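Below is a short briefing on one protein chain, grouped by topic. The sequence and model come first.

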Amino acid sequence: MNISVPMPLDNDGFLRRECPNCMRQFKWHSGPANEEAETQPTTDSYWCPFCGQAAAADQWWTTEQLEYARGVAMPAAIQYLDDELSSAFRGLNSKHIKIKKTGHLDVPNEPDPLTEPDDMMIVASPCHGWEPVKIPEGTTSPIYCLICGEAFAV
């Protein structure tokens with residue numbers, strides 16, 4: 001069972017992320033930010049712009065994104081289970097035993113879609129300028145490169 005859970009981007013194409021180490025939020029560009037970015041290899045880990053710690057590419061979800069994904073997946077999973085139970089009980093009757101499923105599992109409502117505000121300022125590291133990030137206005141240096149973890153000033 002595959003469940004698609006769309007995550008919103010801001011108007012510049014950035015996705016909100018949260019460092020699994022320091023828990024601070026920033027944004028990285030979803031997809032190639034420019035032609036140079038399209039030619040670069042994918043990476044298995046990224047560095048936090050704030051604390052400079054690395055983590056695997058799948059570790060950067062925000063708390064709100066994870067809650068939303070669970071909220072979208074749960075109704076679909078429960079509905080799938082209810083449908084499978086109904087299907088399993090069909091045709092189990094014999095002349096001696098009658099089995100009937102009554103009722104249905106309670107399927108919760110999906111949460112309201114997430115929205116992404118157009119906040120934060122775009123910064124690009126001098127070493128990997130093709131992979132910009134967005135950080136809150138007023139953030140002080142040093143900032144760390146998302147790709148290699150090298151510190152730089154804003």
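The protein chain has two helices and eight strands, where helices (H or I, at least four residues) and strands (E, at least two) are DSSP runs numbered from the N terminus. Along the sequence they follow the pattern β-β-α-β-β-α-β-β-β-β. This is a predicted model: local features need pLDDT of at least 70, side-chain atom pairs count only at pLDDT 80 or more, and totals for chains, interfaces and linings use all residues. Residues are numbered from 1 along each chain as its sequence is written, and side-chain values use heavy atoms, with hydrogens and water left out.

**Overall dimensions**

- The radius of gyration of the protein chain is 22 Å, whereas a compact globule of 154 residues would have one near 15 Å; the value is taken over C-alpha atoms, and the globule rule is 2.2 Å times the number of residues to the power 0.38.
- Along the principal axes, the C-alpha atoms fill a box of roughly 80 × 30 × 25 Å.
- Buried residues (under 20% relative accessible area, 1.4 Å probe, protein chains only) make up 31% of the 154.
- Of the contacts (heavy atoms within 4.5 Å) between residues at least 6 apart in sequence, 57% join residues at least 24 apart.

**The sheet**

- Four strands form an open sheet in the order S1-S2-S6-S5, with antiparallel pairing; two strands pair if DSSP finds at least two bridges between them.
- Strand S1 (14-18) and strand S5 (121-123) are at the edges with a single partner strand each, so one side of each has no neighbour in the sheet.
- From one strand to the next, the twist averages 35°, with axes fitted as lines to C-alpha atoms and angles running from 0 to 180 degrees between N-to-C directions.
- S5 and strand S6 (residues 133-135) run antiparallel and are joined by three bridges.
- Met121 stands opposite Ile135 in S6.

**Aromatic rings**

- Rings of Phe, Tyr and Trp (its six-membered ring) pair if their centres lie within 6.5 Å, with planes under 30 degrees apart counted as stacked, over 60 as edge-to-face and the rest as tilted.
- By this rule there are five aromatic pairs.
- Phe26 and Trp60 form an edge-to-face pair, because their ring centres are 5.8 Å apart and their planes stand at 80°.
- Phe26 lies in strand S2 (residues 25-29) and Trp60 in the loop between strand S4 (54-56) and helix H2 (63-89), 34 residues apart.
- Both Phe26 and Trp60 are buried.
- Ring pairs link Phe26, Trp28, Tyr46, Phe50 and Trp60 into a cluster.

**Charges over rings**

- A charge sits over a ring if NZ of Lys or CZ of Arg is within 6 Å of the ring centre and within 35 degrees of the ring normal.
- Arg17 has its charged end over the ring of Trp61, 4.4 Å from the centre.
- Arg24 lies over the face of Phe50, 3.8 Å from the ring centre.

Notes: Buried means under 20% relative accessible area, exposed over 50%, partly exposed in between (1.4 Å probe, protein chains only).
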